[in-house]
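Colleague: I would like to learn how to read a model like this one, feature by feature. Could we begin with the surface and then work through the helices and loops?

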Amino acid sequence: MPMSLDWESIFVLTVGVLLVAVSLTIHAAFMFLILRVQSRLRSGILASARGLFLLVPSILMATVFISLSCLLQITLWGQVLWHMGPFDSLREAMYFSSTTYTTLGTAKHVLVPPYRALEPMEATTGMLVSGLNTAILFAILASLGRKRSD
């Protein structure tokens, strides 16, 4: 039996694709901000810092920006899920969003069609962002290592 898409399913898929795009754009902006602030810190107040006095503020600042970006994205997904209707409260939508984004998952909530398509989209976004977070932290560590060897 062939599967047919109704207008509600198409709408939900469109919203999901837009949420992925907005989430990745938000994260890209935060990554740009991290690199910009890192550069300014190293040419400013951390110009003469070495060792832990350079490493700790650099990684801590990046981690704070990464956390803010992820929190903003989780909030975006949670708000949209709550307004679309599959949850009775914002609290439940936010809990679902945070466990899905982090790929922790939970059996407490299961989305019904057509909303079910949003769950893997949000989880995929969280996995992509996790990879980007790892990349930016390694880039910072590598640049700190280069600075030390200069």
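Modeller: Let us begin with the surface, keeping in mind that this is a predicted model. Leu-52, Val-56, Leu-60, Val-64 and Leu-68 form a nonpolar patch there, and together they have about 460 Å² of accessible area.

Colleague: Where is Val-56 placed, and is Val-56 buried or exposed, or something in between?

Modeller: Val-56 sits in helix α2, which covers residues 52-84. Buried is used for a relative accessible area under 20% and exposed for one over 50%, with partly exposed in between; Val-56, at 45%, is therefore partly exposed.

Colleague: How should I read the packing of two helices, and at what angle do α1 and α2 pack?

Modeller: The general idea is to take the angle between the N-to-C directions of the two axes, where angles over 145 degrees count as roughly antiparallel. Helix α1 (residues 7-43) and α2 pack at an angle of about 160 degrees, with their axes 10 Å apart, so α1 and α2 are roughly antiparallel to each other. The crossing of these two helices, α1 and α2, is right-handed.

Colleague: What are the angle and the axis distance for α2 and α3?

Modeller: For α2 and helix α3 (residues 90-101), the angle is about 130 degrees and the axes are 8 Å apart. The crossing in which α2 passes α3 is right-handed.

Colleague: How far apart in sequence and in space are Ala-123 and Val-20?

Modeller: Ala-123 and Val-20 are separated by 103 residues in sequence and by 9.9 Å in space, again from C-alpha to C-alpha. Ala-123 belongs to helix α4, which spans residues 118-149, and with a relative accessible area of 16% it is buried.

Colleague: Which peptide bond is cis?

Modeller: The peptide bond from Pro-113 to Pro-114 is cis, with omega near 0 degrees, and Pro-114 is found in the loop between α3 and α4.

Colleague: What can be said of Lys-108 and Tyr-95?

Modeller: Lys-108 and Tyr-95 are 13 residues apart in sequence and 9.9 Å apart in space, C-alpha to C-alpha. Lys-108 is in the loop between α3 and α4, and its relative accessible area of 55% means that Lys-108 is exposed.

Methods. Residues are numbered from 1 along each chain as its sequence is written. This is a predicted model: local features need pLDDT of at least 70, side-chain atom pairs count only at pLDDT 80 or more; totals for chains, interfaces and linings use all residues. Side-chain values use heavy atoms; hydrogens and water are left out. Patches are made of residues with over 30% relative accessible area and no salt bridge: like charges are joined within 9 Å, nonpolar side chains (Val, Leu, Ile, Met, Phe, Trp, Tyr) within 5 Å. Accessible areas come from the Shrake-Rupley method with a 1.4 Å probe; for residues, only the protein chains shown count as cover. A salt bridge is a side-chain nitrogen of Lys or Arg within 4 Å of a carboxyl oxygen of Asp or Glu. Helices (H or I, at least four residues) and strands (E, at least two) are DSSP runs, numbered from the N terminus. Buried means under 20% relative accessible area, exposed over 50%, partly exposed in between (1.4 Å probe, protein chains only). Axes are lines fitted to C-alpha atoms, for helices over the stretch in contact, and angles run from 0 to 180 degrees between N-to-C directions. A crossing is left-handed if the near helix is turned anticlockwise from the far one by less than a right angle, and right-handed if clockwise. Angles under 35 degrees count as roughly parallel, over 145 as roughly antiparallel, 65 to 115 as roughly perpendicular and the rest as oblique.
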